[in-house]
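Let's take a walk through this structure together. Keep the picture open beside the text, and look for each part as it comes up.

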Amino acid sequence: MPHIQRLIAAGRLLLHSLLVVVGGYFLSAALVALGAAALTSLGMARSEAVVSFAMLGFVIYLMLLIWGFALRRWTPLLVVYGALPLLYYLWQHAVAGAAS
Amino acid sequence: MSRAFRQSMSLLHTWAGLLLGTVLFAVFWMGSLSVFDREIDRWMMPDTRQALPASLSLDRSLLPAVTPLVENGAQQWGVTLPDARAPQYRLFYQDGEGEFHSRLVDAHSGELLPEAGTLAATRFIFPFHYRLNFSWMSIGYWLVGLAAMAMLVLLVSGVIVHRKLFREFFLFRPEKRFQRSSLDLHNLSGVLALPFHFVITLSGLIIFISIYFPDAPALAYAGEQSPQASFFAEGSGRYLRLPSGVAAPLQSLDELRQRAEVHWNDEVGFVRVRNAGDSQAVVEIGRSVKGEVSWNIDKLYFDGASGELLHEFSAAPMMGVQRFFVGLHFIQFERWSLRWLYFLAGLAGCVMIATGFFFWLEARRKRLVSSAGFRAVEALTVGSVSGIVLATFSYFVINRLLPSEFTVFGAGRAAVEVWVFYLTWLTSFVHAAMRCYRRAFAEQCLAIAVTALLAVLHNALSTGDHLLATLSSRQWAIAGMDLMLLAAAAIAMAAARRLRGAAVKELQTTASLQELAE
């Protein structure tokens, strides 16, 4: 059934791309917020820390895109681009919920 | 580098280019035009083709226009000071109902200029460049952001894919087959302007850090009611205070401006008044951005009633880096030679994107020519490349064809111009889908040439500022626009002729092949 096989291959490619583009963005955004907080705790002025990591965010995202598209194995893909950003946002949500 | 890595980069380069090429071409085209946005403004708004007054008095040439607005309840207003490229005050104000308005003020007479009846370049072409004028849910910003990230990925993967990069550095074989020469041109424009393309794309993203990474301050500013607002106030400076409700006259703006000029040893770029007409009025004076690459956000805040200096702001070092990227992208510093280089490098980006499409098509023509997908990419290519150029030139023509007070169905000329742009662009895709590829291209190139000539003609007819007049009176903005349109017409005409020759040859080959088959 070559037809179905082709459909499966296309589906995998689509899933791979979505995971890298969308997951990669949310992971970069999480790293930006975490990096800014880390610099702040090291003594940098908070607005300076935020600007620094917001600018770096585009470079981080670019590297995540290149690496993610070159990645062929699903385990690191699902962990890095799926689980990590998901964990961050669940944690953020829990913290915000506890604060309010 | 492993073969598998190179292969996946090749696949990525092909797909990202195909999916986002249309947006990228539009962004590069509109961005290249935005380099000369003020000049296009002058061309599209003949009322504003003025000389800069020899000396500028805010009290005498601005306040006569602003005072009635404040008396009518405007609480906040601000102006960008005129310069040689934009010789009017650009005034914005917030009326009593809180609504924002934007007007031009004649710097000679201090009168509000009538509504221009056009969005011209600063309000159509320039915003199109960064948000496709699609504001619903900020989707335009995100689409352009995605295309910009794709551009960075394309540049990196492109370098990886083209192994023989340096051998192909200056290789261009226009006499070879179209497939070969379009790849050469793709590599040539891509490699030659690679540093520019990388920096201009990255800096374009960095301008909008607060749009693309809105939650960046979420942790560093945890506990604040609004992390974004606090970050903005700290990083970009803000001084606010409540109005008292007691009316009071404003200090001389000329005097405050002079004090600021002495303070910075530099010119003033804009003036903003908050709590206008109130004893708690605050006059914010911003430093000019024309002196250096970095787009500074230096500001002085004065008490509007007493003239006392209330607060001084200057960006901190890392914010200064961000401002440097912003200035690098906006190129508002005064360097004409550099402005032309930006324009040419931007157009080189257009050439790179267009030839990327061409190469994709020619490499697959034999294998896929009868498939619907291939036909769709052909139409996409034509509409994305020649279609948007044609639409832009039509936008120019309709501006010079209709009078500024023109209305139809209750819509003014400004709206009609925008309709014409989108309608022409849409039609170019439909036209490309209906005609065979080369013929569609040839016809649209011909249309571009005709439209460009019409634009020059109608500028001369509607304003009397023809090339001889503008060149001899040194109106470089108008003369430059006309000359660029003429150059575009010549290039489009040459392209149309070559394409028509190729289209005829293509038809003959197909016919002889069919004969052979019979």
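Start in chain B, where Val271(B) has Ile285(B) as its bridge partner in β5(B). Before we go on, some ground rules: this is a predicted model, where local features need pLDDT of at least 70 and side-chain atom pairs count only at pLDDT 80 or more, while totals for chains, interfaces and linings use all residues. Residues are numbered from 1 along each chain as its sequence is written, chains are lettered from A and ligands numbered from 1 in the order in which they are written, and side-chain values use heavy atoms, with hydrogens and water left out.

Back to the strands. β4(B) and strand β5 (residues 282–287) of chain B pair in the antiparallel sense over six bridges. (Two strands pair if DSSP finds at least two bridges between them; strands are DSSP runs of E with at least two residues, helices are runs of H or I with at least four, and both are numbered from the N terminus.) β4(B) also has four bridges to strand β1 (residues 76–80) of chain B, again antiparallel. There, Thr80(B) is partnered with Phe270(B) of β4(B).

How many of the seven residues of β4(B) are buried? Five are, so this strand, residues 268–274, is largely enclosed by the rest of the structure. Here, buried means under 20% relative accessible area, exposed means over 50%, and partly exposed is in between (1.4 Å probe, protein chains only).

Glu284(B) forms a salt bridge with Arg272(B), their closest N and O atoms being 3.2 Å apart. (A salt bridge is a side-chain nitrogen of Lys or Arg within 4 Å of a carboxyl oxygen of Asp or Glu.) Glu284(B) sits in β5 and Arg272(B) in β4, so the pair ties together parts that are 12 residues apart in sequence. Glu284(B) counts as buried, at 3% relative accessibility.

Now for the place where the chains meet. The contact (heavy atoms within 4.5 Å) takes 37 residues from chain B and 31 residues from chain A. Together the two chains bury about 2,900 Å², 80% of it on carbon and sulfur atoms. Buried area is the accessible area (1.4 Å probe) that two parts lose on being put together, summed over both.

Glu234(B) lies in helix α10 of chain B and Arg46(A) in helix α2 (residues 46–70) of chain A, so the pair joins two chains. Arg46(A) is partly exposed, with a relative accessible area of 24%.

Last stop: Ser8(B), in helix α1 of chain B. Leaving aside its neighbours within four places in sequence, Ser8(B) is in contact with Phe69(A), Ala70(A) and Arg72(A).
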